[in-house]
Amino acid sequence: MTSTPGAEHLGSHHRNTLQKLFQHPVSHNIEWHDVVSLLEAVGTVERRHDGKVEVTVGGETGFFDLPAHKDTEIEAVVGLRRLLEAAGYSGDDAESS
């Protein structure tokens, strides 16, 4: 799948976060609040009572643990990449204006 129609409407901050999520090697300093802001811009984020976050983007849904610190865990970044790719987003979307 290629770019989704909403990708070009992301602001520069969201595109920067998207680029960090798809960066290789995985960045170790992607702040969780930036990730949540991006996810809310492209889908829905629901905090659950079991300490997880339910994220839905397009027709894709994923569940992620809240990080213990401000930065997103590497395992979550990998899962977020899969979720976003399945919904049609890619690191290329971060480069569009």
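**View 1. Salt bridge between Asp-65 and Lys-52 in a predicted model.** In this predicted model, the side chains of Asp-65 and Lys-52 meet in a salt bridge with an N to O distance of 2.6 Å, a salt bridge being a side-chain nitrogen of Lys or Arg within 4 Å of a carboxyl oxygen of Asp or Glu. The pair links distant parts of the chain, with Asp-65 in strand 3 and Lys-52 in strand 2 (residues 52-57), 13 residues apart; helices (H or I, at least four residues) and strands (E, at least two) are DSSP runs numbered from the N terminus. Lys-52 counts as partly exposed, at 29% relative accessibility, where buried means under 20% relative accessible area, exposed over 50%, and partly exposed in between (1.4 Å probe, protein chains only). Because the model is predicted, local features need pLDDT of at least 70 and side-chain atom pairs count only at pLDDT 80 or more, whereas totals for chains, interfaces and linings use all residues. Residues are numbered from 1 along each chain as its sequence is written, and side-chain values use heavy atoms, with hydrogens and water left out.

View 2. A search of the whole structure finds three salt bridges. In one of them, the side chains of Arg-48 and Asp-50 meet at 2.6 Å, N to O; Arg-48 counts as partly exposed at 32% relative accessibility, and Asp-50 likewise counts as partly exposed, at 46%. Lys-70 forms a salt bridge with Glu-31, the closest N and O atoms being 3.5 Å apart. Lys-70 lies in the loop between strand 3 (60-65) and helix 3 (74-86), while Glu-31 lies in the loop between helix 1 and helix 2, so the pair ties together parts that are 39 residues apart in sequence. With a relative accessibility of 54%, Lys-70 counts as exposed, whereas Glu-31, at 23%, counts as partly exposed.

**View 3. Packing of helix 1 against helix 2.** Helix 1 (residues 12-22) and helix 2 (residues 32-42) pack at an angle of about 110°, with their axes 9 Å apart, which makes helix 1 roughly perpendicular to helix 2. Axes are lines fitted to C-alpha atoms, for helices over the stretch in contact, and angles run from 0 to 180 degrees between N-to-C directions; angles under 35 degrees count as roughly parallel, over 145 as roughly antiparallel, 65 to 115 as roughly perpendicular and the rest as oblique. Helix 1 contributes His-13, His-14, Thr-17, Leu-18 and Leu-21 to the contact, and helix 2 contributes Asp-34, Val-35, Ser-37, Leu-38 and Ala-41, contact meaning heavy atoms within 4.5 Å. These residues divide into five nonpolar, four polar and one charged, where Ala, Val, Leu, Ile, Met, Phe, Trp, Tyr, Cys and Pro count as nonpolar, Asp, Glu, Lys and Arg as charged, and the others, Gly among them, as polar.

View 4. Thr-17, placed in helix 1, is buried, with a relative accessible area of 2%. Not counting residues up to four places away in sequence, Thr-17 touches Ile-30, Asp-34, Val-35 and Leu-38.

**View 5. Packing of helix 1 against helix 3.** The axes of helix 1 and helix 3 come within 9 Å and cross at roughly 115°, which makes helix 1 roughly perpendicular to helix 3. Helix 1 passes helix 3 in a left-handed crossing. In this contact, Leu-18, Leu-21 and Phe-22 of helix 1 meet Val-77, Leu-80, Arg-81, Leu-84 and Glu-85 of helix 3, a set with six nonpolar, no polar and two charged residues.

View 6. Ser-90 is found in the segment after helix 3 and, at 22% relative accessibility, counts as partly exposed. Ser-90 and Leu-18 are 72 residues apart in sequence, yet their C-alpha atoms are 7.9 Å apart in space.

Key
A crossing is left-handed if the near helix is turned anticlockwise from the far one by less than a right angle, and right-handed if clockwise.
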